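The sequence and the structure come first.

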Amino acid sequence: MKQLVFITAFFVLMIVSISTASGQNTKIRKYDSLIRLAKTDTTRINLIMWKLDVLATINLDSAISLASTALDEARKIKFYKGEISLIQKLATNYAYKGNFEAASEQLRNMEKRIQSKDSASFASLYSTFGLFYGMQSKYDSSIFFLKKAIRIYERTGTDINLPTSYTNIAIGYQQQSNFPMAIQFQQKALTIYEKNNNETGQAHVLVNMANIYNQLKDRKRAESTYLKTIVLAKKNQLYRVELYAYSNLATLYSDEQKWQKCYEYAIKAAEMGGKNGDQGIQAASLSKASLAMTQLNQFDKATSLSKRAIAIADSSKQPLNIFQAYASMGFALNFVKRWKEAIPYYEKGFSTFKDADIYTYANGAVYKELSECYEKTGNFSKALEWYKQFAMVNDSVRSRDNIQKATEQTMNYEFAQKEQSAKVIQDAKDEVNRTRQIALIFGLILSILMVVGAFAGYFGKRRANALLSKQKKEIEDTLTKLRDTQSQLIQSEKMASLGELTAGIAHEIQNPLNFVNNFSEVNTELISELEEERKKEIRDFANEDEILKDIKQNEQKINHHGKRAGDIVKGMLQHSRSSSGIKEPRDINALADEYLRLSYHGLRAKDKSFNAEMKTDFDDTIGKINIIPQDIGRVLLNLYNNAFYALSEKVKTEHALSQQHALSQQHAAPQGITKAYQPTVSISTKKIGDKIEINVSDNGNGIPQNVVEKIFQPFFTTKPTGQGTGLGLSLSYDIVKAHGGEITVENKEGEGTEFIIHLPLSS
């Protein structure tokens, strides 16, 4: 049974405010008593705001209702500070509920109400904007606003809110896989909380640090940190922190295929999410529990959980949670081969993405499952339609398949022509021999018959020669067409290598373009702010100078990231143009590193679940060498693509073995794989006398030993039909030879492959 590729929501707790009292229920009773005894309206509203910090961790709907009522009271008595704080709390709680439209409206209200010199409120606004964008996965914008908040907090020495912003910006960096920055800011926040003996703050930081460890696949440390978080959360009655820790533990155990533990923690998270009014995490947790029950062959329980998840997710109106819920039901039915019943659930899940901007390549495998369901039920047109959706993440698969078929057809035709030509030659020889024999026999009897026989032999030979000439011309025409086809295939292979770069370049160029767009939007807002400031009767020149300084800094950043994008495009154009054949001095280390990153991002764009470690060891003493950059770049790109393909195939093999192991042990205690496989590609350069050596190795499955000697032959490939032309290594061999170098391979079947290139330092 195939494994479900299921998108599990990765819930991150983004903190806005932290209360330091000992427990929620005690706090609620305490604040209710103090509110009843309050002698002034402002005191009463301040106490309500303290109560809201606690109530939001218990029930979001109740917190939103109370904040709305308190905001009306603050406006009536014109309590500016209370109004600003209550609007911020409403924006935050709406964001947690997934109601981003209401949250955005509150943020606009807050921005309008803040007085121009109230830097503390501006910092709070920027911090909340950071949370708002972060919860929508717009992490560039989130980081931008949180940096502005942090600058204000650090300048004013506000320790109370500073660690909150540290934690939130760390989450942004974490989601961009910038783990060093994420750990650095989480540690800054943890240091402040430990200094102040704030266990509540420590619990919030630890649950997020555990998430980072889990992403780094340091599962043992992640698990211990989650459990430590739960202890602190229970001690201080931090309901939401405990809830998110349970939910993320369920994800961790799912990754480890410990299905019973995954189910237990998912159910616990779902129950707590229901009590807290967090429908999103409740539905997602029930979907995880359904997945675990399916893997444990408890079908009825799995479908019951999926039905609950669907009902709750539909109410939440959050597309991703709706998709997860319906996909979990589809998977359960698919798992027991009830393909026809699974189809409507898959299609309903996909329909939620029609107007949503949350599609990722990780959903591609679910397209494939739906395609297989249609195939199993005999609806091949639908199967093809959904398989095309899955195949969109592959680069020109159908095109490569057509090239492969054209090559096979051409080579088969050439073989048939040669075979026919050999038969004609042999027939001609036989005819000449027969004619000669007849002439000799009849020549002994009658000279006239001998002359006739000679003439017959002559004309027979003439006919044979004419036939041979015709066949020779046809063979020559065939060989000419074959050479033309080979030239086209070589050009197609070069264009295919450009296609391999496209996804990687898109990843590389997206980041600077995001910066350019974000800083441009912010500058527009700052210019409008400056124009309003200059219209005032009493102008704040210090504020104007600060705005101009921000605009100047943003313009410098726009220029910097624009140049970054330009450099990436320039590199792509250099790769796409035909080789000039002219050598030029180039830094081989920079070239090797650039194509390594582009190749990796290209594969990651096709398969988000794929991860690999990349090790580099470059000899800095090499300097620049004379090469044709486009050609050597194609060689490196081909070797990298082959290495990552080998790792991807081995990961699939390891995963299948792991799945079989889990199924065979379903009635015993769950166990992990004895030794985790870490896919790795290594690249190194070094100077050896008057040559340099480039070494590209991987720890994939290696090449079958009986075909190693054939890998540099044209049109030979070990990949399945349609996934390779068989020209990559052949072209690479020719390019290296043309540079006066050589390329060799060292292979250990089942353990990995190592390609070694030697190039002269000068030529």
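R634 and D631 form a salt bridge in which the closest N and O atoms are 3.3 Å apart. The model is a predicted one. Both R634 and D631 belong to helix α24, and three residues, about one turn of the helix, separate them. R634 is buried, as is D631. Salt bridges with shared partners also join R75, E83 and R113 into one network.

**Salt bridges**

Side chains of opposite charge can pair when their charged atoms come close. In total, 18 salt bridges are counted. Three of them are listed here with the distance between their closest N and O atoms.

| Salt bridge | Closest N and O atoms |
|---|---|
| D53 and K89 | 2.6 Å |
| R634 and D631 | 3.3 Å |
| E83 and R75 | 3.4 Å |

D53 forms its salt bridge with K89. This pair links distant parts of the chain, since D53 is in helix α2 (residues 41–55) and K89 in helix α4 (residues 80–97), 36 residues apart. D53 has a relative accessible area of 16%, so D53 is buried. K89 also counts as buried because its relative accessibility is 12%, under the 20% limit.

E83 and R75 make up another salt bridge. E83 is buried, with a relative accessible area of 5%, whereas R75 counts as partly exposed at 38% relative accessibility. R113, in helix α5, is partly exposed as well, with a relative accessible area of 37%. The C-alpha atoms of R113 and Y80 are separated by 8.4 Å, while the two residues are 33 residues apart along the chain.

**Charged patches on the surface**

Which residues gather in the patch of negative charge on the surface? They are E111, E521, E525, E529, E531 and E532. Helix α21 (residues 447–535) supplies the largest share of this negative patch, five residues. E111 sits in helix α5 (residues 100–113). E111 has a relative accessible area of 41%, so E111 is partly exposed.

A patch of positive charge on the surface is formed by K147, R151, R155 and K557. Its largest share, three residues, comes from helix α7 (residues 139–156). K147 lies in helix α7, and at 39% relative accessibility K147 counts as partly exposed.

**Aromatic pairs**

The count of aromatic pairs comes to 19. In one of them, the ring centres of Y600 and F644 are 5.5 Å apart and the ring planes are at 45°, so the pair is tilted. The pair links distant parts of the chain, with Y600 in helix α23 (residues 588–606) and F644 in helix α24 (residues 629–664), 44 residues apart. Y600 is buried, with a relative accessible area of 10%, and F644 counts as buried at 1% relative accessibility.

The rings of F712 and F755 also pair, with centres 6.4 Å apart; their planes are at 85°, so this pair is edge-to-face. It too links distant parts of the chain: F712 is in the loop between β5 (691–698) and α25 (728–738), F755 is in strand β7 (residues 752–760), and the two are 43 residues apart. F712 and F755 are both buried.

Ring pairs also link a cluster made up of F100, F122, Y126, F129, F132, Y133, F144 and F145.

Conventions. Residues numbered from 1 in each chain as written. Predicted model: local features only at pLDDT ≥ 70, side-chain atom pairs only at ≥ 80, totals over all residues. Heavy atoms only, no water. Patch = residues over 30% accessible without salt bridge, like charges linked within 9 Å, V, L, I, M, F, W, Y side chains within 5 Å. Areas by Shrake-Rupley, 256 points an atom, 1.4 Å probe, with all protein chains shown as cover. Salt bridge = Lys/Arg side-chain N within 4 Å of Asp/Glu carboxyl O. Lys, Arg positive; Asp, Glu negative; His and termini not counted. Charge placed at Lys NZ, Arg CZ, Asp CG, Glu CD. Helix = DSSP H or I, 4+ residues; strand = E, 2+ residues; numbered from the N terminus. Buried < 20%, exposed > 50% of the residue type's maximum accessible area, 1.4 Å probe, protein only. Phe/Tyr/Trp six-rings, centres within 6.5 Å; stacked < 30°, edge-to-face > 60°.
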